[in-house]
Amino acid sequence: MSKLIAIVGAQWGDEGKGKIVDVFGENADLFVRYAGGANAGHTLYVAGEKIVLHNLPSGIVRRDAKNVVGPYVACDLEVVQHELALAARFRSSVDFDPRAPVVLPIHKAIDRGRERALGAAAVGTTNRGIGPCYEDFAARRGITLSDVADGRVGDKLRAGGYYAERVAVCAHLGETPMTLDETVAWAEPFAYLLQPHLDDVAMLVTCYARDPKSTIVFEGAQGMMLDVIAGNRPYCTSSLTGIAAIQASFGLTPDRVIGVTKAYATRVGGGPFPSELEGPVGDELRQRGLEYGATTGRPRRVGWLDLPALAFACRMGSVTELVINKLDVLSGYPEFQLATGYLLNGKRVSPNDTLTTPLLNGAEAKYHVFCGWHEEISTCRVREQLPEAARAYLAYIQHVLGLPVTGIGVGPNRDDIIWDG
Ligand code: IMP
């Protein structure tokens, strides 16, 4: 049996998925990026060098590794160009599905303009044009990688007045986008870049999946709480973030769905965050965890781990096991907290309730206080080496979620992990 492993975010993104993809990378035959775009930022440390990837799978920084980008990944061509050069450095290969949507400069203008128009109610997007790009994708228009490679951009932009309509949206938002001709000229140089990399990726993934000896790692972006359906609309991204995207793109259902969380919680952008810590307590956690966006550099909102949200994300994401990253960040707290439930209008929220935005907006988090530990844990490599208080915390989470915790991140480096998987 081939092994199909999905790495899925179990919070609001930024859980450290890249590191876990990297751990599985040792035995992977194929790395697949299946959703999202350059809104993602996957940080890796390779031989001491910090590398942040946005659009291509984390496998590109593995020597000779085979990587593919699926038909549901929003491709930012400047970022793709940069990351293909990186892949060449590592002699790794990258193939793209020709159907993948391209983020156009006008998508970024619309994203920017919409956020400005929303004012205080802004989503807090990454300004990478992701929403408007997926909007066109769902509307069965927009530019694909093969349109760029085959020089069809102008014709596609003219069809049905598509580009003119988008320009009108920009005018309404007070944005001055590239003209149609400028967009065609912008896309042109990327044709040569893309041509050698376009292939029938879905077929390729199927072939690997049918090979009983192969292991495929599917790399997610963002997290289930930012999913366009399960997440807190409108404070979410515009794509599916879980295995539904893998099923739709490749007709495959992973055997293992590894939900990745941090030992505490973070969120970037607007939207409800019931366990958020503000003021000096929040500042301290942000500093300890160095919680600044890998894509935008924005300080992340921080809070204690939110167990109801994590349970919901695991349920919606069909998660089969959990990795808890950055446990070392909690070292040194005399005590810390875990949100174990919510009250809404004085009533306890059931663990089976759907965590909608109105529910989370009104939710008051109830906490369980845990004893901390002061020991440095980044050299621990088996669970038994962890302080008892840390083990008690993990056991509690494991018990409530009913899922095995198979990995525990104890530091930023590739090897700083306790692995039971
Ligand atoms: P967009 O995906 O840029 O449209 O942003 C929509 C929301 O998702 C905003 O709150 C972003 O901060 C958030 N978001 C998008 N990508 C990521 C990510 O990779 N990590 C964390 N938050 C993200």
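Glu175 comes out as buried, since its relative accessibility is 11% (buried is under 20% relative accessible area, exposed over 50%, partly exposed in between, with a 1.4 Å probe and protein chains only). The side chain of Glu175 meets that of Arg112 in a salt bridge, 3.0 Å from N to O; the term stands for a side-chain nitrogen of Lys or Arg within 4 Å of a carboxyl oxygen of Asp or Glu. Glu175 sits in the loop between helix 7 and helix 8 (180–187) and Arg112 in helix 3, so the pair ties together parts 63 residues apart in sequence. Arg112 is partly exposed, because its relative accessible area is 40%. The model is a predicted one, where local features need pLDDT of at least 70 and side-chain atom pairs count only at pLDDT 80 or more, while totals for chains, interfaces and linings use all residues. Residues are numbered from 1 along each chain as its sequence is written, and side-chain values use heavy atoms, leaving out hydrogens and water.

Helices 3 and 7 also pack against each other. Helix 3 (residues 105–118) and helix 7 (residues 162–173) meet at an angle of about 30°, their axes 9 Å apart. Axes here are lines fitted to C-alpha atoms over the stretch in contact, with angles from 0 to 180 degrees between N-to-C directions. Helices (H or I, at least four residues) and strands (E, at least two) are DSSP runs, numbered from the N terminus. Helix 3 brings residues including Ile106, Ile110 and Arg114 to the contact, and helix 7 brings Tyr163, Arg166 and Leu173 among others; contact means heavy atoms within 4.5 Å. Arg114 and Arg166 turn up again in a network of salt bridges, together with Glu135, Asp136, Arg141 and Glu165.

In total, the structure holds 32 salt bridges. One of them joins Arg300 to Asp14, with 3.3 Å between the closest N and O atoms. Arg300 is in the loop between helix 12 (279–289) and strand 10 (301–306), and Asp14 in the loop between strand 1 (3–9) and helix 1 (17–25), so this pair links parts 286 residues apart in sequence. Arg300 counts as buried at 7% relative accessibility, whereas Asp14, at 25%, counts as partly exposed.

Then there is Cys75, in the loop between strand 5 (66–69) and helix 2 (77–89). Cys75 is buried, at 0% relative accessibility.
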